[in-house]
Amino acid sequence: MAKEVKKEEATEVQEVISTTGQWIIRNQNILMWCLVGILAVIVGIMMFNNYYLKPKSAEASDEIAKAVVYFAQDNYETALNGDEADCIGFEAIADKYSITRPGKLAALYAGICYYNTGDYEQAVKYLKKYSADDLNVAPAAAMKLGDAYAQLDETEKAAKAFLKAAKSGNEVIAPIALKKAGVAYMSLDNKKAAKKAFTEIKEKYPQSSEAQDIDKFIAIVEK
């Protein structure tokens, strides 16, 4: 009986192999063109990265280095817009090299420059262009975006940006961002959301400076 079962299984396997082989033969042209298409995409991506993206990233990095000199001197206008020599400024770098990592970093610098010069709408525009997974820079950028929204009295958006910054779990930035979010929600009279933010500081970051007086804030929203 066992031999018959094994024989039947072997026959079924052979039938499957035979059927599959026949299908491949019938559709070999389609399969070949699919393979060619996949290879073309892979080669295209490699060429794009090696011959376009990498050189552009290098160019953007060189340009950022020039603008950072002015940024470090608190000369935000020149850092943003460039000089009359060889610095094109963060705004131009962010726009010209937007698909590169340095280009996105330039957008962050541009957003900070606009924030520091009081143009909060432009600050929001450029800060929103920055995206990265860096544990330190990304949450700091999100918190600065929240600050810009707060300056524009867009409190709900500010609170959400602060919470996004806090999600990083960064020991320094997260408690600051949570407190900012809590205060923002207090101004919106959303006591539940405010308490949640304040309580998270108390529970997750008890050693932070923000936690030292957090019980007072919790008491206020519990009234």
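**View 1. D213 and K179 form a salt bridge.** In this predicted model, the closest N and O atoms of D213 and K179 are 2.8 Å apart. D213 sits in the loop between α10 and α11 (214-222), while K179 belongs to helix α9 (residues 173-187), so the pair ties together parts that are 34 residues apart in sequence. Are the two partners buried or exposed? D213 is partly exposed at 26% relative accessibility, whereas K179, at 16%, is buried.

**View 2. D215 pairs with K202 in a salt bridge.** Here the closest N and O atoms are 2.9 Å apart. Because D215 lies in helix α11 and K202 in helix α10, their pairing ties together parts that are 13 residues apart in sequence. Both ends are partly exposed: D215 has a relative accessible area of 44%, and K202 has 42%.

View 3. E63 is buried, with a relative accessible area of 14%, but K66 is partly exposed, at 28%. If you look for D86 as well, you will find a network: salt bridges with shared partners join E63, K66 and D86. In total, the structure holds nine salt bridges.

**View 4. Four lysines gather in a patch of positive charge on the surface.** The members are K164, K167, K192 and K196. Take K196 as an example: this lysine lies in helix α10 (residues 191-204) and is exposed, with a relative accessible area of 63%.

Technical notes:
Residues are numbered from 1 along each chain as its sequence is written. This is a predicted model: local features need pLDDT of at least 70, side-chain atom pairs count only at pLDDT 80 or more; totals for chains, interfaces and linings use all residues. Side-chain values use heavy atoms; hydrogens and water are left out. Patches are made of residues with over 30% relative accessible area and no salt bridge: like charges are joined within 9 Å, nonpolar side chains (Val, Leu, Ile, Met, Phe, Trp, Tyr) within 5 Å. Accessible areas come from the Shrake-Rupley method with a 1.4 Å probe; for residues, only the protein chains shown count as cover. A salt bridge is a side-chain nitrogen of Lys or Arg within 4 Å of a carboxyl oxygen of Asp or Glu. Lys and Arg count as positive and Asp and Glu as negative; His and the chain ends are not counted. The place of a charge is taken as NZ of Lys, CZ of Arg, CG of Asp or CD of Glu. Helices (H or I, at least four residues) and strands (E, at least two) are DSSP runs, numbered from the N terminus. Buried means under 20% relative accessible area, exposed over 50%, partly exposed in between (1.4 Å probe, protein chains only).
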